[in-house]
Amino acid sequence: MSASLFSAALCVARRDLTAALRRAQDVLTPVIFFAIVVSLFPLGVGPEPGVLATLAPGVVWVAALLATMLSLNRLFANDYADGTLEQLLLAPHPLGVLVLAKVAAHWLLTGLPLVLLSPLLALQMQLPAAGMPALVLSLLLGTPVLSLLGATGAALTLGLRGGGVLVSLLVLPLYTPVLIFGAGSVAAAVTGLDTEAHFSLLGAFLVLALSFAPWATAAALRVSLD
Amino acid sequence: MYKYASPKHFYPLAGRLVPWLAVLTVVLLAAGLYLALFVAPPDYQQGESVRIMFIHVPAAWMSMFIYVLMAGAGAVGLVWNTKLAEVAARACAPIGASFTLLALATGSLWGKPMWGTWWAWDARITSELILLFLYVGFMALQAAIDDPKRAARAAAILALVGVVNIPIIHFSVEWWNTLHQPASVGRIGRPAIHLSLLLPLLVMALAFKAYFVTVLLMRMRNDILERERHTSWVAEILGTKAA
């Protein structure tokens, strides 16, 4: 039974990855959005390197939050439209696990590219080299939390009018702790402070989100498809 | 006792309670305001502007209390499928949001003479602001869904996710703030609060709570009428009133 559950989850994740790769522009849009938002800041606040370096951790993190949010409707909207989601609900497997597989696919398609692109953008923002490892590690720990919490928001707003704007209203306030400690860890690393507490907390958020968010998302999906 | 969990029996009961609660609110509010504005001595540091506290602090207490109550009612509705709990959760949201806004506004008015600024990214202010966003999200989600049952269930899930997150937000902004700036924005250098200040504060807190229950019951009655408008007992009430 557990083996078949595992293969079912794997199936769901692989299907999502294949479907997304066949429509690559869906995957690229949030990443390009991420790059554009970060690039706007030097134009907005001026190219003074000292100012940019101070802003860099926060700017990259806020841009990552917005880019993740932009990608959330992809998570369930297509499956909802073509009826796949109902099949998942009817499947003899716990819905939370299948949701987790979908979120994992979403993170691989959105979160991971953001992490990989972030050093380049941080370089643009004049972030000192000391902050780079912290930036990558904090995004690596933080972006899965964004995907997990975002999935709950996406499930709640499924099929609603104005769902896209609504999801930002629901999800962004919940993102604040991740933002604070994600950007905080980079700022601390730049000034040579100890970052262990930041990473421990980000890890704790990840564990907490992993254990609760898939079930909340599953419940939300059941409500939305009622 | 259990029969009052059904809207049909709750509606008249709430209707009988509302006038009494309204009187209680007025009495408590009058007593509290009298104590706060005329009896309580002005603070030796802050002068007369300390009196904002008697509105500000109870409002901040209520803002958090109502959120927890709302999430609790939402959970009850989700688990036991009780209509009354769903109605209660829905009725809580705008009242809680108003208290949050009141706490933020009075805090801002208090901050200007005390700290010299309308707004500071102080831990408490920031988490109160995020609380306001959570209330707004709850109301927006409910407003976006037409079916009341589905709206209540979706909003309850959101409230529960939010209630898990509230302590996290609370501590995160607190630590974030202490990490980045020293405690320059100390609150009133906290000696144990004197009885002459504590008494009006507690009376005001009770007045706010009585006000909350009054308005909650009134909102719930309205909501019940709207949700049950197809039932015979509502038609009966409205019919006799119209006649």
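Colleague: Let me start with one residue: does E228(B) count as buried or exposed?

Modeller: We sort residues by relative accessible area, taken with a 1.4 Å probe on protein chains only: under 20% is buried, over 50% is exposed, and anything in between is partly exposed. E228(B) has 9% relative accessibility, so it counts as buried. Before we go on, keep in mind that this is a predicted model, where local features need pLDDT of at least 70 and side-chain atom pairs count only at pLDDT 80 or more, while totals for chains, interfaces and linings use all residues. Residues are numbered from 1 along each chain as its sequence is written, chains are lettered from A and ligands numbered from 1 in the order in which they are written, and side-chain values use heavy atoms, with hydrogens and water left out.

Colleague: Fine. Which side chain does E228(B) meet in a salt bridge?

Modeller: A salt bridge here is a side-chain nitrogen of Lys or Arg within 4 Å of a carboxyl oxygen of Asp or Glu. E228(B) pairs that way with K83(B), at 3.0 Å from N to O. The two come from distant parts of the chain, 145 residues apart: E228(B) is in the loop between α6 (195-227) and α7 (232-242) of chain B, and K83(B) is in helix α3 (residues 83-115). K83(B) is partly exposed, its relative accessible area being 33%.

Colleague: And what does R227(B) form a salt bridge with?

Modeller: With E86(B), where the closest N and O atoms are 3.1 Å apart. This pair also links distant parts, helix α6 and helix α3 of chain B, 141 residues apart. R227(B), at 19% relative accessibility, counts as buried, and E86(B) is buried at 5%.

Colleague: How many salt bridges are there over all chains?

Modeller: Nine. One of them joins D16(A) and K102(A), at 2.9 Å from N to O. D16(A) sits in helix α1 (residues 2-22) and K102(A) in helix α6 (residues 95-124) of chain A, so the pair ties together parts that are 86 residues apart in sequence. Both D16(A) and K102(A) are buried. Through shared partners, salt bridges join R15(A), D16(A), D79(A) and K102(A) into one network.

Colleague: Let's step back. How many helices and strands does chain B have?

Modeller: Helices (H or I, at least four residues) and strands (E, at least two) are DSSP runs, numbered from the N terminus. Chain B has seven helices and zero strands. Its C-alpha trace spans about 60 × 40 × 30 Å along the principal axes, and 47% of its 243 residues count as buried.

Colleague: Now the interface. What area do chain B and chain A bury between them?

Modeller: The size of an interface is often given as the accessible area lost when the parts come together. Buried area is that loss, with a 1.4 Å probe, summed over both parts. Chain B and chain A bury about 2300 Å², 80% of it on carbon and sulfur atoms. On the side of chain B that touches chain A, α5(B) gives the most, with 16 residues.

Colleague: What should I know about contacts across it?

Modeller: Contact means heavy atoms within 4.5 Å. By that rule, 27 residues of chain B are in contact with 25 residues of chain A. T157(A) is in the loop between α7 (132-156) and α8 (163-190) of chain A, and its side chain reaches the backbone oxygen of G153(A) at 3.0 Å.

Colleague: Last one: how many residues has the largest nonpolar core?

Modeller: In soluble globular proteins, nonpolar side chains tend to be buried together. A nonpolar core is a set of buried Ala, Val, Leu, Ile, Met, Phe, Trp, Tyr and Cys residues joined through side-chain atoms within 4.5 Å. The largest has 142 residues, and F34(A) and L141(B) are among those with the most contacts inside it. Setting aside residues up to four places away, F34(A) touches residues including V60(A), L114(A) and L121(A).

Terms used. Buried area is the accessible area (1.4 Å probe) that two parts lose on being put together, summed over both. A polar contact is a pair of N or O atoms within 3.5 Å; within protein, one must be able to donate a hydrogen and the other to accept it, and residues adjacent in sequence count only if both atoms are side-chain atoms.
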